[in-house]
Amino acid sequence: MRRPDAAEILALGRITVFGIWFHHVLNTPFDLIGQLPYELFTARGALNLLPEAFYTTLVASPTLLLAWKVAMLAGCAALVLGVRPFPVIAVPVTAMLLLFDGVVKGYAAWVNHGQMGILFAAVVLCFFPAADALSVHGRRRSGAAAPAVYAGGVLVVAAFLSAAYAFIGTHRVVVGGAQIFTGDAIVTYLAVQSLNYSARGYEYGLLGIAYPLVGVMFRIGFAVTTLFEILSPLVLISRWFRRVWLVVVVPFHVTTLYTMNIFFWENILLIAVFVVPAGYLLQSVREDEPAGWFPLGPIAARGTAGSAGV
Amino acid sequence: MRRPIHSWFRPAPFVVAIGVVLLLLVVLHPLPGRDRFVAEATVYLLLLLACASHEPIRRVARQIGVARLVVFTLVFGFATWVQLRKIYGPVYPFVSWTMYGSKNPPPAYVRYDVTLASGREIAFPLADLAPGSSTRALLTHFNRRLRHLEEVPEDPSVIDPSLHALQRLLIDVAQVYNARNPDDPIRAFHTSGCTIPIREYDGPDSIQCELLLTFAMPEEGVR
């Protein structure tokens with residue numbers, strides 16, 4: 001079977017990212033935005049570029065909210081289908097999605113990190129020819145970009161994702177040191193998040209305080225996960241590390257669902273379509289180079305001889 | 001034949017250096033604030049160098065075009081700065097990533113229970129009221145207003161003045177719920193502060209909850 005090329009992988013990323021946004025917009029009760037007390041809302045950061053009157057008018061008008069929702073759904077559908085010219089559609093739709101995310105998060109007491117991955121992925125895709133393949137117009141033949149450009153789009157999104165993981169893990173070690181892993185931090189977090197209100201209602205996080213051995217396992221898992229979070233950017237340069245990283249990080253996301261009632265399923269999809277193929281794509285645009293002295297060097301060099309090294 | 005100088009610029013030494021820095025961070029902890037900043041920045045710099053020294057990445061970077069390269073270098077740089085400075089709201093959509101970074105998180109949570117017209121007692125169903133997926137971030141609005149309470153009230157039905165803002169907000173949000181669920185609306189609130197005995201946990205009954213606030217919803221139109 002033919003392996004997908006760089007343009008097809010970037011296009012699959014486009015379908016995934018805007019498909020997820022379509023799902024979110026479709027399932028968000030926009031009428032609720034207009035009903036909640038406005039005092040809960042805070043326009044943060046870039047959203048302050050718009051006057052407050054804009055938000056008060058928007059949330060007070062069911063017609064405007066509905067029009068906004070329909071425009072985003074139509075835009076996301078067009079982007080999933082790969083309608084061209086891509087940037088002409090992607091830029092305004094992504095701007096609307098940024099506003100949507102900002103308004104929804106504006107009703108939260110703090111900036112929730114959920115959907116940050118797909119938000120940045122959407123922004124990155126605007127800068128790349130992501131609709132040159134898997135499009136209703138068919139494959140772009142004339143004027144197609146170099147493979148490195150398509151690979152670049154996948155690489156930048158993968159880099160953003162891996163940087164976010166590295167930020168979380170590094171901050172944790174710098175602030176908490178060894179104590180955060182040897183003390184009660186993780187079993188406390190899991191217990192509190194199991195009992196805190198959640199529609200999901202999983203309470204497996206309590207196992208860490210109910211059974212000491214499980215608590216030890218949670219502490220070890222916390223330390224291992226943090227280490228892999230810190231080293232996440234290395235998924236871009238080492239195939240073996242990426243494989244081990246996937247074995248750690250994907251189950252970690254599933255575990256947080258049952259122990260903390262937190263599930264970043266969007267991240268798992270982003271990992272599948274951007275991180276997994278990133279090394280393969282990098283290999284496709286590289287040239288021969290001499291082997292280095294450290295394991296990561298020779299592994300990378302072997303990739304040029306046929307077996308994927310990155 | 002001599003190797004070109006760039007052929008020596010490889011990821012491996014930087015990966016080794018990352019390991020050394022992480023080891024030092026764990027061993028030398030706790031670090032003062034300024035040293036934390038330097039230590040964190042060092043890890044990010046080493047990760048960047050490890051990736052940037054990987055020839056396939058450099059090759060892609062050279063070919064994606066100057067404009068894209070400049071834009072994403074600036075974006076990555078700013079994101080890293082936001083992370084190092086621990087900035088949250090003001091630079092949205094950029095934000096610091098600091099989840100689960102406290103070594104002594106409080107083993108406490110707040111329960112917002114409600115009594116429905118049918119007599120059923122349930123947790124305040126915020127999942128039906130949060131416009132996005134961030135139900136707990138909505139919950140935090142209530143918790144912040146609860147922080148003004150200095151001690152557990154002797155009579156939770158006598159509303160402490162510091163909790164008027166919380167009571168008003170709960171009523172406002174509950175009215176949204178009632179408008180959407182006229183068949184079985186919320187009739188009363190019961191807010192409790194709970195502490196989990198992490199070391200002596202012995203089932204749900206060992207969790208200590210104290211009633212902080214209880215009140216009936218005002219009649220329709222009466223506020």
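How do the residues of the lining of the largest cavity divide into nonpolar, polar and charged? Two are nonpolar, three are polar and two are charged. Here Ala, Val, Leu, Ile, Met, Phe, Trp, Tyr, Cys and Pro count as nonpolar, Asp, Glu, Lys and Arg as charged, and the others, Gly among them, as polar.

The model is predicted: local features need pLDDT of at least 70, side-chain atom pairs count only at pLDDT 80 or more, and totals for chains, interfaces and linings use all residues. Residues are numbered from 1 along each chain as its sequence is written, chains are lettered from A and ligands numbered from 1 in the order in which they are written, and side-chain values use heavy atoms, with hydrogens and water left out.

The structure holds one cavity of 30 Å³ or more. The volume of the largest cavity is about 30 Å³. Its lining consists of A:Thr42, A:Arg44, A:Gly102, A:Lys105, A:Gly106, A:Val111 and B:Tyr92. A cavity is a set of points where a 1.4 Å probe fits but cannot get out; a pocket is an open set with protein on both sides within 12 Å along at least five of seven lines; lining residues have an atom within 4 Å of a point. Grid points are joined across faces, edges and corners, and a volume is the space filled by probe spheres set on the points.

Two or more residues of its lining come from each of α7 (147-176) of chain A and α2 (33-52), α3 (55-63) and α4 (66-85) of chain B. Helices (H or I, at least four residues) and strands (E, at least two) are DSSP runs, numbered from the N terminus. The lining counts 27 residues, and A:Ala159, B:Leu48, B:Cys51, B:Phe72 and B:Phe76 lie nearest the centre. The largest share, eight residues, belongs to α7(A). By class, the lining has 21 nonpolar, five polar and one charged residue.

Chain B has six helices and four strands. Their order along the sequence is α-α-α-α-β-β-α-α-β-β. Chain B is more spread out than a compact globule, because its radius of gyration is 26 Å, well over the 17 Å that the globule rule gives for 223 residues. The radius is taken over C-alpha atoms, and the rule is 2.2 Å times the number of residues to the power 0.38. Along the principal axes, the C-alpha atoms of chain B fill a box of roughly 90 × 45 × 30 Å. Of its 223 residues, 48% count as buried. Buried means under 20% relative accessible area, exposed over 50%, partly exposed in between (1.4 Å probe, protein chains only).

Helix α3(B) holds a run of buried residues: B:Glu55, B:Pro56, B:Ile57, B:Arg58, B:Arg59 and B:Val60. The cover over them includes α7 and α13 (265-284) of chain A and α2 of chain B, in contact terms of heavy atoms within 4.5 Å. B:Gly65 follows α3(B) and has a positive phi, near 105 degrees.

Over all chains, 16 salt bridges are found. A salt bridge is a side-chain nitrogen of Lys or Arg within 4 Å of a carboxyl oxygen of Asp or Glu. B:Glu55 counts as buried because its relative accessibility is 9%. B:Arg59 is buried too, at 6%. B:Glu55 also bridges to B:Arg62, with the closest N and O atoms 2.9 Å apart. B:Arg62 is exposed, at 54%. Elsewhere, salt bridges that share partners join A:Glu39, B:Arg145, B:Arg168 and B:Asp172 into one network.

In chain A, A:Asp184 and A:Arg219 form a salt bridge of 2.7 Å, N to O. A:Asp184 lies in the loop between α8 (179-182) and α9 (185-195), and A:Arg219 in helix α11 (residues 212-230), 35 residues apart. Both are buried.

Backbone geometry comes last. Most residues other than glycine have a negative phi, and most peptide bonds are trans. The bond from A:Arg84 to A:Pro85 is cis, with omega near 5 degrees. The bond from B:Tyr92 to B:Pro93 is also cis, with omega near 15 degrees. A:Asn261 has a positive phi near 60 degrees and is buried at 5%.
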